[in-house]
Amino acid sequence: MRGTALVFVFRWLCGLPHTAWAQQEIVTLSTRPGVTQSYFLTSKPKNLEAAAVLFAGSGGLINLRTENGQAKFGQGNFLVRSRAEFVKRGVIAAIVDAPSDQQGGWGMSDEFRRGDWHFTDIAAVVEDLSKRTAGMPLFLVGTSRGSVSTAALGARLGDKVAGVVLTSTMFRPAGRKSNEPGPGLSGFDFASIKSPVLFVHHVGDQCDVTPYSDVARLADRYPLVAVYGGEAPQSGRCEAYSQHGFFGRESETVEEIVNWMLKKPFRTEVK
């Protein structure tokens, strides 16, 4: 579905010299009757080589908004806080928020992420971003529960995306006792994704629904970047500031993701 873009533009310093950053935007698209889908578009790299749509974990809520003329959003998630690592390597990043009808509770459920409405919303984002980047290769990158979006959308978008990256993949369901229950990607057929797929996982991931052992079983069929080490956790084992969120290994992890995207040699182990 085509989306009508209502674009709000902001400029500010992001801890780098002003000359290193160009325009950054909050883009809001009308995607379904009465529903909008917003995303934050990072500055455009001078050496733009690809685009990536980034999907945060949990319910995908980043609370994208403006305050005093500046864009504000939750920045704890691995992919969100690592956005500059993509930009400096030539990849413009679009960080999606939950759509306007999924802003309540904890955000997007797994069922929503795997469903028709999410596909409609993100298809509009992909179309809009593709126009902005003049046909550059476009990738879907998800982490933790965001991997549910990435996998499901990758299977449906076909050749509209150049590849799919699954990090800290949610292979197992979260039970009813969880604060965020859902099936995750249990039972999902990864072969239904026809574009290239990369898995990225921390060997020490202690989250019950994202064990490294599950991705290791797929290593004979798909490329896998195994990440080791990092900093001591400063959050719960299923949260962003732990091995689950590649804490202390963000830059090195994104480097190998981008190398894979750009068809450069990439390390299968980050230590």
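Guide: Let's start with Thr-42. Setting aside neighbours within four places in sequence, Thr-42 is in contact with Gln-23, Gln-24, Arg-83, Val-87, Ile-92 and Ala-93, where contact means heavy atoms within 4.5 Å. Before going further, note that this is a predicted model: local features need pLDDT of at least 70 and side-chain atom pairs count only at pLDDT 80 or more, while totals for chains, interfaces and linings use all residues. Residues are numbered from 1 along each chain as its sequence is written, and side-chain values use heavy atoms, with hydrogens and water left out.

Gln-23 is 19 residues from Thr-42 in sequence, yet their C-alpha atoms are 7.7 Å apart in space. Thr-42 counts as buried, at 2% relative accessibility. Buried means under 20% relative accessible area, exposed over 50%, and partly exposed in between (1.4 Å probe, protein chains only). Thr-42 is found in the loop between S3 and S4. These labels are DSSP runs numbered from the N terminus: helices are H or I with at least four residues, and strands are E with at least two.

That brings us to strand S3, residues 35-41. Six of its seven residues are buried, so S3 is largely enclosed by the rest of the structure. S3 pairs with strand S2 (residues 24-32) in the antiparallel sense, over seven bridges; two strands pair if DSSP finds at least two bridges between them. The hairpin of S2 and S3 has two residues between the strands, and there Gly-34 takes a positive phi near 75°. S3 also pairs with strand S7 (residues 91-96), again antiparallel, over three bridges.

Phe-40 is a handy residue for seeing both pairings. Ile-26 stands opposite Phe-40, and in S7 the bridge partner of Phe-40 is Ile-95. Phe-40 is buried, with a relative accessible area of 0%.

Now look at the rings. The structure holds nine aromatic pairs. Rings of Phe, Tyr and Trp (its six-membered ring) pair if their centres lie within 6.5 Å; planes under 30 degrees apart count as stacked, over 60 as edge-to-face and the rest as tilted. Phe-40 and Phe-73 form a tilted pair, 4.7 Å centre to centre with 45° between the planes. This pair links distant parts of the chain, 33 residues apart: Phe-40 is in S3, and Phe-73 is in the loop between strand S6 (70-72) and helix H1 (78-81). Phe-73 is buried too, with a relative accessible area of 7%.

Another of these pairs is Phe-199 with Tyr-222, an edge-to-face pair at 5.6 Å centre to centre and 70° between the planes. Phe-199 lies in strand S10 and Tyr-222 in the loop between helix H6 (212-216) and strand S11 (224-227), so this pair ties together parts that are 23 residues apart in sequence. Both Phe-199 and Tyr-222 are buried. Together with Phe-171, Phe-188 and Phe-190, they form one aromatic cluster.

Strand S10 (residues 197-202) leads us on to His-202. His-202 is buried, with a relative accessible area of 4%. Its side chain reaches the backbone nitrogen of Gly-204 at 2.8 Å. A polar atom of the His-202 side chain also lies 3.4 Å from the backbone oxygen of Val-227. Leaving aside neighbours within four places in sequence, His-202 is in contact with residues including Tyr-212, Val-227 and Tyr-228.

A charge sits over a ring if NZ of Lys or CZ of Arg is within 6 Å of the ring centre and within 35 degrees of the ring normal. Likewise, the charged end of Arg-81 sits over the ring of Tyr-241, 4.6 Å from its centre.

S4 (50-55) is among the elements that the buried residues of helix H5 pack against, and helix H4 is another. In H5, 10 of the 12 residues are buried, so the helix is largely enclosed by the rest of the structure. Among these buried residues are Val-148, Ala-152 and Leu-157. Just after H5, Gly-158 takes a positive phi of about 55°. In H4 (residues 116-132), the buried residues include His-118, Ile-122 and Leu-129. H4 is followed by Ala-134, whose phi is positive, near 55°.

Technical notes
Polar contact = N/O pair within 3.5 Å; in protein donor to acceptor, adjacent residues only side chain to side chain. Expected span 1.5 Å × (residues − 1).
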